Amino acid sequence: MEKKWWKESVVYQIYPRSFKDSNGDGIGDLKGILEKLDYLKELGVDVIWLSPVYQSPNDDNGYDISDYRAIMEEFGTMEDFDQMLAAAHERGLKIVMDLVVNHTSDEHPWFVESRKSKDNPYRDYYIWRPAKDGKEPNNWGSCFSGSAWLYDETTDMYFLHLFSKKQPDLNWDNPKVRDEVYDMMNWWLDKGVDGFRMDVISLISKNQEFPDGTAGVNGYASFNEPANGPHVHEYLQEMREKVLDRADTLTVGECSGVTLEEAKKYARNDGKELSMVFQFEHMDVDADGTNKWTDKKMDLRDMKAVLTKWQKGLEGVAWNSLFWENHDQPRSVSRFGNDSGEYRELSAKMLATCLHMMQGTPYVYQGEELGMTNAPFQSIEDFRDLDSINAYHELTEQGVFEKEEMLRYLRRKSRDNARTPFQWDSTPNAGFTEGEPWIMVNPNYKEINAKEQMAREDSVFSYYKELIRLRKEHEIVVYGSYELLLPEDKELYVYTRSLGAEKLLIVCNFSENSPEFFLPEGWEAEKLQRWIGNYPDDRIEKEMQIRPYEALVLSMS
Ligand code: NOJ
């Protein structure tokens, strides 16, 4: 398998709005990130993925960009960016930008022009269609509720927006659009950034016939309907030639709706498209079909089946990215672990072990390394995310869910769970801001915060440091092949990694029970060494009771 620096790296995702506020306006900013680079260095990560910092009216917190070459005022200036980039590089940290080019903001000058008239030079930068039978051109739904089409009176036509009404989709079939995007990417590469995380890149190429899709609970087809469209690979290969081949970048495609076969094209080892993809199948194991608003608990067997399919399916062919969290997902310890009392730290460490010992590039989302939890939002007024707010109104007004029921689902699954301010210390507002934070601080910050955990050897933070260190020291963690054991076990996730004569056995208990576990054939207790575990002893026996949320990594060479 070809070695690459980005296969050997650990990426840390910063959601700048919620990371660190330096000027007391309640919103995180670039100077705040600059202040905290040493924290990231201490953790041991190699790469920072910055969620969007570009100029934006913030309908979707920066994922609606009105100028790709300017910094959002609330986050600072271009000088602040340059300073932060230089300071990161001085510390050996790379910076990966969020590239949001499936759509722009409706306040981007291209769209302002485009909607003016049918013969405007920018008209074909976006996707305009006439009504069909007096209605929207098809039944595609927006990711954030309602139709994906909005009627625009000026020219009596609809434009497509797979996300909010303020995020019109760019028309990638127009070569001018592609050239604009490539120029802009080159401009950022000239600045010295180290790669791109590509927002919903699997959606950029639309089937120009715009066929209807299968309707979901709200009556519309999923926003993923156009995923992996007819020209997506052609366009990414063109992007590789016109931009990415210039530099040794890390590129990761956010590929909603990606299948294994498609992923092999996006992230094939031949390097023609991207370094790796984010797939989302393991984020759907606790969904109800395409509806994420449910109390459904995951069945560990489903999780194992999905992750194993991706581990085995891409091995030797393409490259996985590994994640439990990002700014669109609830907190993993609340979702797949146990965020109450004694089990919070144990289960956060267990989840980390399970993920970081797999093959692929691990992503740590800010606060995950502390075991930050979902937040106790009380009412709909506590939420800021348009996805959550729109879904609440749409589904309660349509009578699909009662208000209390919907609030319960939001507390479990809302994206805002990941967006509460980073918990730095036990001072007011968790040390995030001296002003009024833009979204509530999780009241558990006095107990869960970076300062306390950095000083404690058995903290979740210290455990992450150790996992990251192990990956750096042992090639088997990066390149070893993966094999699942006990696929039908409902509590234990057990797998092995192998590289040459070296082998690892990873045992993770996803439950509060203490199931019996027998070392697999060929694994003799006397020959094993314990690399890491979340209980403070080193028992290795042929037959072991695996304690609640225990994680254990044993090596044999
Ligand atoms: C995916 C991003 O991760 C999400 O936060 C955003 O709302 C949509 N794409 C639209 O850009």
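Q: A polar contact is a pair of N or O atoms within 3.5 Å. What makes the pair formed by the side chain of Asp-199 and the ligand one?
A: In this predicted model, with residues numbered from 1 along each chain, local features need pLDDT of at least 70 and side-chain atom pairs 80 or more, while totals for chains, interfaces and linings use all residues. Side-chain values use heavy atoms, without hydrogens or water. An N or O atom in the side chain of Asp-199 is 2.7 Å from a ligand oxygen, so the pair qualifies.

Q: What makes up the shell around the ligand?
A: It divides into seven charged residues (Asp, Glu, Lys, Arg), four nonpolar and three polar. Among the 14 residues around the ligand, those that come nearest are Asp-60, His-103, Asp-199, His-327 and Asp-328.

Q: How do you know that domain 1 and domain 3 are in contact?
A: The C-alpha centres of domain 1 and domain 3 lie 23 Å apart. Contact means heavy atoms within 4.5 Å, and 22 residues from domain 1 and 22 residues from domain 3 take part, so the two are in contact.

How values were computed. A residue is near a molecule or strand if one of its heavy atoms lies within 4 Å of it. A polar contact is a pair of N or O atoms within 3.5 Å; within protein, one must be able to donate a hydrogen and the other to accept it, and residues adjacent in sequence count only if both atoms are side-chain atoms. Domain bounds come from an automatic or database domain assignment.
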